[in-house]
Every structure is written in C-alpha cells, then in structure tokens.
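Q: Can you walk me through this structure? I'll jump around a bit.

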2 protein chains.
Amino acid sequence: MLGNFIYANPTKLYFGEDSKAHLAEAIKGFGNNVLLTYGGGSIKRNGIYDDVMAVLKDAGKNVVELPGVMPNPTLEKVMEGVKVARENNIDLILAVGGGSTIDYSKAVAVAANYEGDAWQTFWVEQQEPSVDAKILPVGAVLTMAGTGSEMNGGSVITNEPIKMKIGKVFDERVMPKFAILNPRYTFTVPYNQMVAGIFDTMSHIMEQYFSGDDDSTSDYLAEGLMRSVIASSKVAVKDPENYEARSNIMWSATWALNTLIGEGKTQDWMVHMIGHAISAFTHATHGMTLAGVSVAYYRHVMKYAVKRFARFAKVVWEIPVEGKTEEELANAGIDALAEWIKEIGAASNISSLGVTSDIIEGIANATIDLPGGYHHLSHEEIVEILKESL
Amino acid sequence: MLGNFIYANPTKLYFGEDSKAHLAEAIKGFGNNVLLTYGGGSIKRNGIYDDVMAVLKDAGKNVVELPGVMPNPTLEKVMEGVKVARENNIDLILAVGGGSTIDYSKAVAVAANYEGDAWQTFWVEQQEPSVDAKILPVGAVLTMAGTGSEMNGGSVITNEPIKMKIGKVFDERVMPKFAILNPRYTFTVPYNQMVAGIFDTMSHIMEQYFSGDDDSTSDYLAEGLMRSVIASSKVAVKDPENYEARSNIMWSATWALNTLIGEGKTQDWMVHMIGHAISAFTHATHGMTLAGVSVAYYRHVMKYAVKRFARFAKVVWEIPVEGKTEEELANAGIDALAEWIKEIGAASNISSLGVTSDIIEGIANATIDLPGGYHHLSHEEIVEILKESL
C-alpha cells in the first residue's frame, strides 16, 4: 500500500550530449552575480570549465570562483563559501562537478542568509529552514553519475574537528533549480569512480526496495531501474565510452534518489550508515564501501524477508524459479548480486578498502542506528557483518 | 540510447487518503478569486464538493463555480470559462474531477489572458504561449485515475461545429501547480470507468514502450509500471474498494503520462489516434476504444519489431521463454494482453462500442496520420485493423 506522501520536484533537467547548449537558457532569470563552485580542478583539464565560463561570460555574469570543494565537503569550507557569497551578493550558485560539489553548494545556499548556527540547526537538529528563509538558488552541471544530488534536496556535510558526517535532506526549495546532465561529461571520470557511482546508484535503489511487504508501484519502478543499471553497467565496464550505457546510467542515477521510488513506503538505509562509518575511518570511496558490505548485510536480513529477496532474484536477476525453494531462490539473488559486484569491479570486501580487524569495533560504534527495513540490527550484528565483509 | 531532452515537472502532488488535509496548504499563496470547475455534479453526491468548499470557505476565498464540464470538453465551453475568468479576475482555477475537467481548466488558463484566437493558435497551429504570456495557475483535486492530466501539460479540446478533437501538450507553465491525489476519491467512479481508466493507463505506457530498439532506461521504467498496473488491476476488478490496488493504479496512471517514461526515445501514439476517431463517431468511452483496437493493432506491427514484443512477453507477462521461437514468444505476449483485457472487463472489440462496418471507412479517414513506432500504417491497414477489431 502506498502511504501518504508529498511529491515535489521542480528541478529542470537538460539531458543529453547537446545539453550544454542549454546552459545559457538555464541561467536566464537569475541575477548577475554567480558563485562558481568546483572541486580539484579536473574540470579545467577536461574542458568543462571552459565550456561553462564561455556561457557565463557571454551572458555578462560576474563570476566569483570557489574551487577546492573536497570529496567529503567540510563545514569549514561551507563557512568559507558563506563568507564569499555574502561579500559578493551572490544571486546564483553554479555547481560544476559531482555530488560533493552540489551537496556543498546547497549547504552554502541555505547558510548564506541564515544568522544562526547552520550546522547545529539544519544538520544536527535536522530542522527545516523557516517559511521566509532566503535560500540562494543552486544550478548544477553534473560531471559524475551516482549520488543523485542533481535532483534532490540532500546535502551531506562533514564537521572535521568533531568527526561528524551528517546528511540533511532539505525540501524542494533547496533542490537545484536546474541541472545540465551531459553523459559525455561523465566520460572524464576515472574508471574506478564510474564503478563506485554505479554501485552507489544500485545501493540507493536496493535500500528503498528492501523494505515493506506489500504490492507497491514504488517497488515495481525500483525493479525497472535496477534492471536498467545492471544491463548498462555490464556494457560500460567493458566499453566506458559507450554513450548508450553511460546515458542510461546517468539517468538511472538521477531517478534512483530523487524521492520517486521511495514514495509511500518504508526504507532501509543501514548499508549507507555502515558505509559512512567505514569512510570516516578509512577515507575509502563511498560507493565502494557500500559494495564491500552489501552482500554480508543482505545475507543477514534475508531471513526476515525471504519473499522479497526471492522476488528480487526472479525479477531483477532473472533467476529461474523452477526446482528451488523460496529460500534457495532468495539466496541465489544475493549470489547474483555478489557475482555482479565482481563483474563490474566494485569492492567485494572491505579489507581492500583498508579496514582491519582492530578498527571494526570503532566502525560499529560510529554507525548511526536506524531501524532497518526488515530487521533492526544490534551492535553485535553490525560487528558480525563487518567481520564477514573483511 | 537516450536522446536529448528537457525534463521539467513542477507539479506538487499530495498523495494518499489523508491528502485532502493538504488542500488548505496547497491553495495558499494564490490570490483570493478561485474558479471552481467540475463536471456533472457527481462530486456533490459523493461529498467531495463539500470537502473542497469547506476548505475554500475557511481560507476566505471568493469562489466562482463553473459546473457542467463535459467528458470531451468543447471549445464553446472553454470560451464560457474564459469569459467567467475575465469577469471575475480569477487568480486560481481549481479543477475537481478527472482528466476532462483538468484538461478543460488548462485550456481556460491559457486562453483567459490571450487576445488572439486560442483554438487556432494553440490547438490547430500547436504554437507555444509567448514567453510573457499570463497563464492562470491551475490546481486539481483528482477523482479518477487514468488520463495523467494531473501532472502534465496536456489539454484535449473538441471543436464541436467542425468535429475536430485536438490535443495540445503545453510546457510546464500550464501543468497544474498542485494536485490532490486521494485514492479513496476514485472509489466513487463507476466500475466501467475504473476499468477504462486502467486500460487508458496501460495504453499510455505501451504507446511509449513500443518504439525504438535500443536499451533505454525509459523502457525499463515502463516495464515496471506495466507490471504494477497489471498486478493491481487484477485485484481491483475483483475488489474495487481495495485501497492498496487503487492507490497503486492512481500513482501508476500519473507516472504513465507525465513525460518520464517517454524521455529520450521515439513513441507510437497510433492507438490513441484510432481511438479518438472511434470516439468522434460513437461517443464511446476513451479507454474502451483503446482496448478495442489494441490487440489487432499490435498484431499488425509486431512483425516489424519481434524482439521488442518478445521482451514484452517475457518481462511484462512473465511468459516462459523455453521452447518458443522469438516470434511465438512475441505472439504469446499479445495473447496475454488480449486475455487481460477480457479478465478486467475492458472492451475486447469495437462492435460492443457501437462501431459497424459502414462507418469504418469514415473512422479511418478521421484517424490522424502519425509515423508510428515501428511501422507507418497505410489507410488500408487502418481499415484492416478496424475490421479485425469488430
């Protein structure tokens, strides 16, 4: 049954290899002062920076640059952005990059005109901005597929001094006003990052799928998206410049986490919670941490939802039903997931990500406790899952 | 491969049996003068009118009522609405009903502040409203699932004197600003209309699915939606007050035609074109005309896309692949569609809708010529399909 929910997603998406031609149109209607946020400078090497700057200059915008947004954007960096935004009366924040840059830009957008302690209010206390909050508009030019940040209100920020990494999901006022989704831009991402993005996408879908036991349209949409990600990933890992595969991966990643497939049902974000804790200890790539623990995690919860896992095996992995008990079928689905992780070259374990036995207790302690979809993990179970993932 | 496209869909949806509680919030921010559009008055009998009026009165709105919107809204009725909207300085059009009422309200919204000949400009010439066009905002309280009008820019209007029924798909400026989607409201629809709405939804999906031969995320999403519609319809026809089934049907109908599953690919709207022509001659219910011709239509085009129809059989209908040629599998999928049409009680032929041999030539002449997805039908083929559908 679909429960009660509100769906609102006003982000305007310009998709395709010709989409950069729409940037000029997308930035119309915003004021003249643009804060251009980006990461380590790869966009300067691959030409995306030049593409974007040419459009901004043509439109006569005053561009203030804010480079150096790191993979796990810090509160300190956010406060730097707030200062720059205030000093330059910024009218639009244009994020050029992947999820980190967009997450970061949303944080600056919310904090720029907020007089209180933004970290405490929005991330720690998870409050909503007030009705009359002046939130700066954010636009995005996406260069990496995976996080879904281009079409949602999510913003994960790390408070380095106190080692806290917290995600806040803002409402539609903070979602990007527009995003340019050019699959060719994702060709510039290193192979390993492409694979991590693919698994991140798959994990977003699974974490919304493995919860609830009724017949919900959201689950059917999730199955369609998973089938698409699997089919395209198999092509992309062999031929990373296959436009068809990369365009499907990019589009699937956007819809995997823009609220659609989770509407009206419960969800299970424990794989992300464990993955975040691993990253905090090892700085391992986010998508890889998810891959490293997923198989052990799902084997643990499978016994609480054999029917759903059997459905996953049959529909998503096309495993023949004949001659198998429901439990055998369910297990075969997880086997197929494990095989696929190997096939695409994602992390099959967490040892390869730098996790050692002696830090497992610390990771388990740092894992945020959520109720889960089918089963609420105890501390001991988290430790077990981590050990089994070594 | 996903082609280039722009996705923009700002409609805010309040979904669920508690969604009526959100109407007060939804109408905030719009001016005081509300034009309330609705159909034949069934909303007065089932209590929906009272629900809505109570909220409008509480909010202190001036309500101008415009009842009598007919199933195929006419241009004449649109011009009546334009006059009322102008005379009353309407700030918001609130459509309470199904697709016809919402389509109608969009037409009034576009025409109200347009000085030229709206029919000629927007429907006949299919022009876009100018950049500075003053389009009235539309909100919707949906009472019937099927058309998808609650989250798209579509508006089908009939010019009675010249017997022309034309659909115009406007951009996001004309999409409803909000829609209240309460599955319990759809319980008030007669059984036959529920079935017609289910088939209309399925047809929207199939008409976007049966086109193109590459591996596109849009097709995977379409398969998920079809599987959901089929599963829920089988429950709903036996137990029309099953909330789970009706809520899934309502949500699937919205996503079947809000542009998502057609993005980046070609489409085939010939079943709708033939269906519209049948309605023009017989006044048969829209969804039933689609059901009446679909089996014959798809048998005609199947030979041009055996692979896609085999995929449809396997994924959507779960027909075992073993021991069948690709063509046998493809045919089995269409057989399954025909069986399902019978099972849910949709029209298995067009004789039951009032079509007789002597009007077939006229219907074929009135069918708008589109290129189709896999094959461009000749006039003779349209006649054949109609004869086979008798």
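Q: Which way do strand β2 of chain A and β1(B) run, and how many bridges join them?
A: This is a predicted model. In it, β2 (residues 12-15) of chain A and β1(B) run antiparallel, joined by three bridges.

Q: What stands opposite A:Phe15 there?
A: B:Phe5 in β1(B).

Q: What sheet do these strands belong to, and in which order?
A: An open sheet of seven strands with mixed pairing. The order is β4(A)-β3(A)-β5(A)-β6(A)-β9(A)-β2(A)-β1(B).

Q: Which strands stand at the edges?
A: β4 (62-66) of chain A and β1 of chain B. Each has a single partner strand, so one side of each is left without a neighbour in the sheet.

Q: By how much are neighbouring strands turned against each other?
A: By 15° on average, with direction ignored.

Q: Back to β2(A). How does β2(A) run with β9 of chain A?
A: Parallel, with four bridges joining β2(A) to β9 (residues 178-181) of chain A. Within that pair, A:Lys12 stands opposite A:Phe178.

Q: Now the interface. How many residues of chain B are in contact with chain A?
A: 37 residues of chain B, against 37 residues of chain A.

Q: Which elements of chain B give two or more residues to that side?
A: β1 (5-7), β2 (12-15), α8 (217-238) and α9 (243-256) of chain B. The largest share is from α8(B), with ten residues.

Q: What's the makeup of that side by class?
A: On the side of chain B that touches chain A there are 16 nonpolar, 13 polar and eight charged residues.

Q: Switching to β3 of chain B. How many of its residues are buried?
A: Four of five, so to speak of the strand as a whole, β3 (residues 33-37) of chain B is mostly covered.

Q: In which sense do β3(B) and β4 of chain B pair?
A: In the parallel sense, over five bridges, with β4 of chain B spanning residues 62-66. B:Leu35 has B:Val64 in β4(B) as its bridge partner.

Q: And how many bridges join β3(B) to β5 of chain B?
A: Four, and those strands run parallel too; β5 of chain B covers residues 92-97. There, B:Leu36 stands opposite B:Leu94.

Q: Helices next. At what angle do α4 and α5 of chain A pack?
A: At about 55°, with the axes 9 Å apart. That makes α4(A) oblique to α5(A). Their crossing is right-handed.

Q: Which residues meet there?
A: From α4(A), A:Lys77, A:Val78, A:Gly81, A:Val82 and A:Ala85. From α5(A), A:Tyr104, A:Ala107, A:Val108 and A:Ala111. By class, the contact of α4(A) with α5(A) has seven nonpolar residues, one polar and one charged.

Q: What about α11 and α15 of chain A, at what angle do they pack?
A: About 130°, with axes 8 Å apart, for α11 (residues 270-282) and α15 (residues 357-366) of chain A. The two helices are therefore oblique to each other. The crossing of α11(A) and α15(A) is right-handed.

Q: Which residues make that contact?
A: A:Ala277, A:Ile278, A:Ala280 and A:Phe281 in α11(A) meet A:Ile359, A:Gly362, A:Ile363 and A:Ala366 in α15(A). Seven of the residues in the contact of α11(A) with α15(A) are nonpolar, one is polar and none is charged.

Q: What does B:Lys168 touch, leaving out residues up to four places away in sequence?
A: B:Phe122, B:Trp123, B:Gln126 and B:Ser155.

Q: Last topic, backbone angles. What is phi at B:Thr259?
A: About 85°, a positive value although B:Thr259 is not a glycine. Most residues other than glycine have a negative phi.

Q: Where does B:Thr259 lie?
A: In the loop between α9 and α10 (270-282) of chain B. B:Thr259 is buried, with 21 other C-beta atoms within 10 Å.

Q: And B:His283, what is its phi?
A: Near 60°, again positive in a residue other than glycine. B:His283 lies in the loop between α10 and α11 (286-302) of chain B.

Q: Is B:His283 buried or exposed?
A: Exposed, with 11 C-beta neighbours inside 10 Å.

Notes
Residues are numbered from 1 along each chain as its sequence is written. Chains are lettered from A and ligands numbered from 1 in the order in which they are written. This is a predicted model: local features need pLDDT of at least 70, side-chain atom pairs count only at pLDDT 80 or more; totals for chains, interfaces and linings use all residues. Two residues are in contact if their C-beta atoms, placed from the backbone, lie within 7 Å. Ala, Val, Leu, Ile, Met, Phe, Trp, Tyr, Cys and Pro count as nonpolar, Asp, Glu, Lys and Arg as charged, and the others, Gly among them, as polar. Two strands pair if DSSP finds at least two bridges between them. A residue is buried if 20 or more other C-beta atoms lie within 10 Å of its own, exposed if 12 or fewer, and partly exposed in between; C-beta atoms are placed from the backbone. Axes are lines fitted to C-alpha atoms, for helices over the stretch in contact, and angles run from 0 to 180 degrees between N-to-C directions. Angles under 35 degrees count as roughly parallel, over 145 as roughly antiparallel, 65 to 115 as roughly perpendicular and the rest as oblique. A crossing is left-handed if the near helix is turned anticlockwise from the far one by less than a right angle, and right-handed if clockwise.
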